[in-house]
Amino acid sequence: MPEITLKRRGELIRGVFKLLKEQSDGIQAKTVLKELESIVPPTPFENSSYPNNPTVRRYEKIVRFSTITSVKAGWLLKNKGTWSLTDEGAQAYSTFQYPEEFAKEANSLYRKWKKDQPTPDDSSTENGDDSVSTTLEEAEEAAWVEIEDYLTDINPYDFQDIVAGLLRGMGYHLSWISPPGPDKGIDIIGHIDPLGIKGPRIKVQVKRRGDKINVDGIRSFLALLSDGDVGLFISIGGFTRDSESEARGQEKRKIMLIDLKRFFDLWVEYYKNIPEAQRRLLPLKPVHYLDLPE
(Lines give C-alpha, C1' and ligand atoms only; values in the text may rest on other atoms or scores of the structure.)
Protein backbone atom coordinates (compact mmCIF):
# COMPACT_ATOMS: atom_id res chain seq x y z
CA MET A 1 0.00 0.00 0.00
CA PRO A 2 1.47 3.43 -0.91
CA GLU A 3 2.86 5.38 2.00
CA ILE A 4 1.29 8.74 2.85
CA THR A 5 4.39 10.91 2.94
CA LEU A 6 5.06 13.70 5.41
CA LYS A 7 4.78 16.21 2.58
CA ARG A 8 1.38 14.82 1.54
CA ARG A 9 0.10 14.99 5.11
CA GLY A 10 1.25 18.60 5.22
CA GLU A 11 -0.60 19.38 2.00
CA LEU A 12 -3.80 17.89 3.35
CA ILE A 13 -3.57 19.62 6.73
CA ARG A 14 -2.71 22.99 5.20
CA GLY A 15 -5.69 22.60 2.87
CA VAL A 16 -7.93 22.09 5.91
CA PHE A 17 -6.39 25.12 7.62
CA LYS A 18 -6.90 27.25 4.51
CA LEU A 19 -10.62 26.53 4.66
CA LEU A 20 -10.85 27.21 8.39
CA LYS A 21 -8.69 30.31 8.75
CA GLU A 22 -11.42 32.68 7.57
CA GLN A 23 -14.17 30.99 9.59
CA SER A 24 -13.72 31.92 13.25
CA ASP A 25 -16.78 29.90 14.31
CA GLY A 26 -15.48 26.79 12.55
CA ILE A 27 -16.96 24.57 9.85
CA GLN A 28 -18.71 21.22 10.04
CA ALA A 29 -16.29 18.38 9.33
CA LYS A 30 -18.38 16.99 6.47
CA THR A 31 -18.25 20.42 4.78
CA VAL A 32 -14.50 20.69 5.29
CA LEU A 33 -13.93 17.28 3.72
CA LYS A 34 -16.17 18.08 0.77
CA GLU A 35 -14.60 21.47 0.03
CA LEU A 36 -11.06 20.24 0.61
CA GLU A 37 -11.27 18.02 -2.46
CA SER A 38 -11.27 21.08 -4.73
CA ILE A 39 -8.22 22.54 -2.96
CA VAL A 40 -6.19 19.36 -2.48
CA PRO A 41 -7.56 16.79 -4.95
CA PRO A 42 -7.21 13.14 -3.94
CA THR A 43 -4.51 11.00 -5.47
CA PRO A 44 -5.61 7.82 -7.27
CA PHE A 45 -4.78 5.85 -4.11
CA GLU A 46 -6.72 8.26 -1.87
CA ASN A 47 -9.63 8.11 -4.28
CA SER A 48 -9.80 4.32 -4.01
CA SER A 49 -11.87 2.40 -1.50
CA TYR A 50 -10.90 -0.18 1.10
CA PRO A 51 -10.86 -3.83 -0.05
CA ASN A 52 -12.91 -4.90 2.97
CA ASN A 53 -15.31 -1.96 2.66
CA PRO A 54 -15.77 -0.83 -0.96
CA THR A 55 -18.29 1.87 0.02
CA VAL A 56 -15.71 3.82 2.08
CA ARG A 57 -13.21 5.99 0.22
CA ARG A 58 -9.71 6.35 1.66
CA TYR A 59 -9.46 10.14 1.15
CA GLU A 60 -11.72 11.23 4.00
CA LYS A 61 -10.16 8.71 6.40
CA ILE A 62 -6.63 9.81 5.52
CA VAL A 63 -7.52 13.49 6.01
CA ARG A 64 -9.05 12.79 9.41
CA PHE A 65 -6.04 10.74 10.46
CA SER A 66 -3.59 13.36 9.18
CA THR A 67 -5.19 16.07 11.33
CA ILE A 68 -4.72 14.20 14.61
CA THR A 69 -1.24 15.60 15.22
CA SER A 70 -2.59 19.13 14.68
CA VAL A 71 -5.26 18.52 17.32
CA LYS A 72 -2.67 17.30 19.82
CA ALA A 73 -0.41 20.23 18.87
CA GLY A 74 -3.14 22.64 19.93
CA TRP A 75 -3.65 24.00 16.43
CA LEU A 76 -6.99 22.45 15.56
CA LEU A 77 -10.16 21.98 17.61
CA LYS A 78 -12.75 19.29 16.90
CA ASN A 79 -15.94 19.77 18.84
CA LYS A 80 -19.05 17.73 18.08
CA GLY A 81 -18.41 17.62 14.36
CA THR A 82 -17.23 21.22 14.01
CA TRP A 83 -13.58 21.93 13.18
CA SER A 84 -11.96 25.28 13.97
CA LEU A 85 -8.48 26.78 14.25
CA THR A 86 -6.93 28.04 17.44
CA ASP A 87 -4.87 31.23 17.39
CA GLU A 88 -1.78 29.01 17.50
CA GLY A 89 -3.06 27.10 14.49
CA ALA A 90 -3.60 30.25 12.48
CA GLN A 91 -0.09 31.41 13.39
CA ALA A 92 1.38 28.04 12.41
CA TYR A 93 -0.35 28.23 9.03
CA SER A 94 1.38 31.57 8.37
CA THR A 95 4.76 30.56 9.81
CA PHE A 96 5.26 27.10 8.29
CA GLN A 97 4.31 27.62 4.67
CA TYR A 98 5.96 24.52 3.20
CA PRO A 99 3.80 21.38 3.64
CA GLU A 100 6.64 19.15 4.85
CA GLU A 101 7.87 21.78 7.31
CA PHE A 102 4.32 22.30 8.53
CA ALA A 103 3.69 18.58 9.11
CA LYS A 104 7.09 18.15 10.75
CA GLU A 105 6.33 20.87 13.31
CA ALA A 106 2.93 19.32 14.06
CA ASN A 107 4.64 15.97 14.60
CA SER A 108 7.18 17.57 16.92
CA LEU A 109 4.46 19.13 19.05
CA TYR A 110 2.54 15.85 19.00
CA ARG A 111 5.57 13.98 20.35
CA LYS A 112 5.92 16.55 23.12
CA TRP A 113 2.23 16.19 23.97
CA LYS A 114 2.46 12.40 23.99
CA LYS A 115 5.53 12.42 26.24
CA ASP A 116 3.60 14.42 28.83
CA GLN A 117 0.66 11.99 28.93
CA PRO A 118 0.37 9.75 32.04
CA THR A 119 -0.93 6.83 29.95
CA PRO A 120 -0.27 5.79 26.34
CA ASP A 121 -2.43 7.45 23.71
CA ASP A 122 -3.99 5.30 21.01
CA SER A 123 -5.26 8.05 18.78
CA SER A 124 -2.33 8.49 16.43
CA THR A 125 1.10 7.58 15.23
CA GLU A 126 3.13 9.74 12.91
CA ASN A 127 3.55 7.21 10.15
CA GLY A 128 0.70 4.75 10.67
CA ASP A 129 -2.33 4.08 8.51
CA ASP A 130 -5.67 5.73 9.11
CA SER A 131 -6.66 4.50 12.54
CA VAL A 132 -9.72 3.18 14.30
CA SER A 133 -9.80 6.56 16.06
CA THR A 134 -11.10 8.15 12.86
CA THR A 135 -14.02 5.73 12.89
CA LEU A 136 -14.80 6.78 16.46
CA GLU A 137 -14.56 10.42 15.42
CA GLU A 138 -17.07 9.85 12.61
CA ALA A 139 -19.41 7.98 14.94
CA GLU A 140 -19.33 10.83 17.45
CA GLU A 141 -20.07 13.35 14.68
CA ALA A 142 -23.02 11.30 13.40
CA ALA A 143 -24.41 10.99 16.93
CA TRP A 144 -24.13 14.73 17.48
CA VAL A 145 -25.92 15.55 14.21
CA GLU A 146 -28.80 13.32 15.29
CA ILE A 147 -28.97 14.98 18.72
CA GLU A 148 -28.76 18.46 17.21
CA ASP A 149 -31.53 17.75 14.70
CA TYR A 150 -33.73 16.27 17.42
CA LEU A 151 -33.38 19.28 19.73
CA THR A 152 -33.78 21.77 16.89
CA ASP A 153 -37.11 20.18 15.92
CA ILE A 154 -38.43 19.50 19.43
CA ASN A 155 -41.51 21.27 20.75
CA PRO A 156 -40.37 24.53 22.43
CA TYR A 157 -42.18 23.69 25.68
CA ASP A 158 -40.60 20.24 25.75
CA PHE A 159 -37.19 21.90 25.43
CA GLN A 160 -38.13 24.27 28.24
CA ASP A 161 -39.03 21.21 30.31
CA ILE A 162 -35.68 19.62 29.45
CA VAL A 163 -33.89 22.76 30.68
CA ALA A 164 -35.92 22.65 33.90
CA GLY A 165 -34.91 19.00 34.35
CA LEU A 166 -31.24 19.88 33.92
CA LEU A 167 -31.45 22.65 36.52
CA ARG A 168 -33.11 20.25 38.98
CA GLY A 169 -30.44 17.68 38.24
CA MET A 170 -27.80 20.30 39.04
CA GLY A 171 -29.42 20.84 42.45
CA TYR A 172 -31.40 24.03 41.87
CA HIS A 173 -34.93 24.52 43.18
CA LEU A 174 -37.45 25.88 40.70
CA SER A 175 -40.22 28.13 41.94
CA TRP A 176 -41.79 28.93 38.56
CA ILE A 177 -41.89 27.50 35.03
CA SER A 178 -43.71 29.46 32.35
CA PRO A 179 -46.93 27.82 31.11
CA PRO A 180 -47.76 27.87 27.38
CA GLY A 181 -48.38 31.40 26.17
CA PRO A 182 -46.58 34.75 26.52
CA ASP A 183 -43.82 34.57 29.14
CA LYS A 184 -42.61 38.21 29.06
CA GLY A 185 -39.02 37.06 28.61
CA ILE A 186 -38.63 34.80 31.63
CA ASP A 187 -39.23 31.05 31.24
CA ILE A 188 -37.94 29.66 34.53
CA ILE A 189 -37.15 31.07 37.98
CA GLY A 190 -34.91 29.09 40.31
CA HIS A 191 -33.09 29.31 43.63
CA ILE A 192 -30.22 27.58 45.42
CA ASP A 193 -32.43 26.61 48.38
CA PRO A 194 -36.00 25.25 48.56
CA LEU A 195 -37.52 28.45 49.99
CA GLY A 196 -35.60 30.90 47.84
CA ILE A 197 -34.19 32.67 50.88
CA LYS A 198 -30.46 32.22 50.27
CA GLY A 199 -28.37 33.61 47.48
CA PRO A 200 -29.46 35.18 44.20
CA ARG A 201 -32.59 34.47 42.25
CA ILE A 202 -31.93 32.71 38.95
CA LYS A 203 -33.92 33.90 35.94
CA VAL A 204 -33.79 31.73 32.84
CA GLN A 205 -34.71 32.47 29.24
CA VAL A 206 -34.90 29.54 26.81
CA LYS A 207 -34.78 29.92 23.03
CA ARG A 208 -35.20 26.89 20.80
CA ARG A 209 -34.90 28.81 17.53
CA GLY A 210 -31.95 28.07 15.23
CA ASP A 211 -30.62 31.58 14.57
CA LYS A 212 -28.07 33.25 16.83
CA ILE A 213 -29.22 35.65 19.53
CA ASN A 214 -28.00 39.16 18.75
CA VAL A 215 -27.01 41.92 21.14
CA ASP A 216 -30.54 43.35 21.23
CA GLY A 217 -31.82 40.01 22.53
CA ILE A 218 -29.22 40.07 25.30
CA ARG A 219 -30.06 43.65 26.26
CA SER A 220 -33.76 42.84 26.42
CA PHE A 221 -33.02 39.98 28.79
CA LEU A 222 -30.66 42.11 30.90
CA ALA A 223 -33.47 44.63 31.36
CA LEU A 224 -35.41 41.93 33.23
CA LEU A 225 -32.60 41.32 35.74
CA SER A 226 -32.07 43.21 38.96
CA ASP A 227 -28.63 43.59 40.51
CA GLY A 228 -29.36 40.62 42.77
CA ASP A 229 -30.42 38.26 39.96
CA VAL A 230 -28.36 35.83 37.94
CA GLY A 231 -29.47 35.49 34.34
CA LEU A 232 -29.18 32.25 32.41
CA PHE A 233 -29.81 32.50 28.65
CA ILE A 234 -30.00 29.15 26.84
CA SER A 235 -30.16 29.25 23.05
CA ILE A 236 -30.02 26.33 20.63
CA GLY A 237 -28.81 28.65 17.88
CA GLY A 238 -26.06 30.17 20.00
CA PHE A 239 -25.06 33.82 20.22
CA THR A 240 -23.38 36.40 18.04
CA ARG A 241 -19.94 37.73 18.98
CA ASP A 242 -21.46 41.10 19.90
CA SER A 243 -23.96 39.47 22.23
CA GLU A 244 -21.21 37.44 23.92
CA SER A 245 -19.17 40.62 24.37
CA GLU A 246 -22.18 42.41 25.85
CA ALA A 247 -22.66 39.61 28.39
CA ARG A 248 -18.98 39.54 29.36
CA GLY A 249 -18.93 43.29 29.85
CA GLN A 250 -21.61 43.31 32.56
CA GLU A 251 -20.33 44.42 35.95
CA LYS A 252 -23.47 44.58 38.10
CA ARG A 253 -25.83 42.13 36.45
CA LYS A 254 -24.60 38.56 36.13
CA ILE A 255 -25.52 36.65 32.99
CA MET A 256 -24.40 33.31 31.61
CA LEU A 257 -24.88 32.35 27.96
CA ILE A 258 -25.24 28.66 27.13
CA ASP A 259 -25.35 27.38 23.57
CA LEU A 260 -26.48 23.92 22.49
CA LYS A 261 -23.07 22.27 22.82
CA ARG A 262 -22.50 23.61 26.32
CA PHE A 263 -26.04 22.65 27.30
CA PHE A 264 -25.56 19.10 26.06
CA ASP A 265 -22.25 18.74 27.93
CA LEU A 266 -24.06 19.71 31.13
CA TRP A 267 -26.89 17.28 30.30
CA VAL A 268 -24.37 14.43 30.00
CA GLU A 269 -22.53 15.49 33.17
CA TYR A 270 -25.67 15.58 35.35
CA TYR A 271 -27.71 12.96 33.49
CA LYS A 272 -28.03 10.55 36.41
CA ASN A 273 -29.43 13.28 38.66
CA ILE A 274 -32.04 14.57 36.21
CA PRO A 275 -35.66 13.53 36.98
CA GLU A 276 -36.88 10.56 34.93
CA ALA A 277 -39.71 12.53 33.29
CA GLN A 278 -37.22 14.96 31.73
CA ARG A 279 -34.68 12.27 30.90
CA ARG A 280 -37.34 10.58 28.76
CA LEU A 281 -37.48 13.75 26.63
CA LEU A 282 -33.75 13.49 25.85
CA PRO A 283 -32.67 9.90 26.59
CA LEU A 284 -29.04 8.89 26.10
CA LYS A 285 -27.29 5.56 25.88
CA PRO A 286 -23.49 5.28 26.16
CA VAL A 287 -21.68 3.30 23.47
CA HIS A 288 -18.62 1.32 24.48
CA TYR A 289 -15.68 0.66 22.17
CA LEU A 290 -12.42 -1.26 22.41
CA ASP A 291 -9.65 0.96 23.79
CA LEU A 292 -6.52 -1.19 23.80
CA PRO A 293 -3.17 0.46 24.69
CA GLU A 294 -0.49 0.66 22.01
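Trainee: What kind of model is it?
Mentor: It's a predicted model, so keep that in mind throughout.

Trainee: How many helices and strands does the protein chain have?
Mentor: The protein chain has 12 helices and 10 strands. Its C-alpha atoms fill a box of roughly 70 × 40 × 40 Å along the principal axes.

Trainee: And what share of the residues is buried?
Mentor: Of the 294 residues, 42% count as buried. The protein chain exposes about 16500 Å², with carbon and sulfur atoms supplying 51% of that area.

Trainee: What about contacts between residues 24 or more positions apart?
Mentor: Those account for 62% of the contacts in the protein chain, counting contacts with a separation of 6 or more.

Trainee: How far apart are the mean positions of the positive and negative charges?
Mentor: They are 3 Å apart, for 41 positive and 46 negative charges.

Trainee: Switching to rings. How many aromatic pairs are there?
Mentor: A search of the whole structure turns up 11 aromatic pairs. Take W75 and F96: their ring centres are 6.4 Å apart and their planes are at 20°, so that pair is stacked.

Trainee: Why does 20° make it stacked?
Mentor: Because planes under 30 degrees apart count as stacked, and the W75 and F96 planes are at 20°.

Trainee: Where do W75 and F96 sit in the chain?
Mentor: W75 is in the loop between α4 (68-72) and β4 (76-79), while F96 is in the loop between α5 (87-95) and α6 (99-115). They're 21 residues apart, and the pair links distant parts of the chain.

Trainee: Buried or exposed, those two?
Mentor: Both W75 and F96 are buried.

Trainee: Which residues are in the ring cluster with them?
Mentor: Ring pairs link F17, W75, F96 and F102 into a cluster. F102 also has R14 over its face, at 5.5 Å from the ring centre.

Trainee: Which ring does R279 sit over?
Mentor: That one is Y271: the charged end of R279 is 5.5 Å from the centre of the ring.

Trainee: OK, helices. How many residues of α3 are buried?
Mentor: Eight of the nine residues of α3, which spans residues 58-66, are buried, so the helix is largely enclosed by the rest of the structure. The buried ones are R58, Y59, K61, I62, V63, R64, F65 and S66.

Trainee: What does L33 touch?
Mentor: Setting aside neighbours within four places in sequence, L33 is in contact with Y59, E60, V63, R64 and W83. L33 itself is in helix α2 (residues 29-39), and it counts as buried because its relative accessibility is 5%.

Trainee: And L36, buried or exposed?
Mentor: L36 is buried, with a relative accessible area of 0%. This residue is in helix α2 too. Apart from neighbours within four places in sequence, L36 is in contact with L12, G15, V16, L19, Y59 and V63.

Trainee: How far is L36 from F17?
Mentor: L36 and F17 are 9.7 Å apart, C-alpha to C-alpha, and 19 residues apart in sequence. F17 is one of the residues in the ring cluster I mentioned.

Trainee: Let's do strands. Where is T82, and what does T82 touch?
Mentor: T82 lies in strand β5 (residues 82-85). Not counting residues up to four places away in sequence, T82 touches D25, G26, I27, Q28, L77 and K261. At 16% relative accessibility, T82 counts as buried, because the cut-off is under 20%.

Trainee: Last topic, the outside. How exposed is P51?
Mentor: P51 is exposed, with a relative accessible area of 74%. You'll find P51 in the loop between β2 (49-50) and β3 (53-57).

Key: Residues are numbered from 1 along each chain as its sequence is written. This is a predicted model: local features need pLDDT of at least 70, side-chain atom pairs count only at pLDDT 80 or more; totals for chains, interfaces and linings use all residues. Side-chain values use heavy atoms; hydrogens and water are left out. Helices (H or I, at least four residues) and strands (E, at least two) are DSSP runs, numbered from the N terminus. Buried means under 20% relative accessible area, exposed over 50%, partly exposed in between (1.4 Å probe, protein chains only). Contact means heavy atoms within 4.5 Å. Accessible areas come from the Shrake-Rupley method with a 1.4 Å probe; for residues, only the protein chains shown count as cover. Lys and Arg count as positive and Asp and Glu as negative; His and the chain ends are not counted. The place of a charge is taken as NZ of Lys, CZ of Arg, CG of Asp or CD of Glu. Rings of Phe, Tyr and Trp (its six-membered ring) pair if their centres lie within 6.5 Å; planes under 30 degrees apart count as stacked, over 60 as edge-to-face and the rest as tilted. A charge sits over a ring if NZ of Lys or CZ of Arg is within 6 Å of the ring centre and within 35 degrees of the ring normal.
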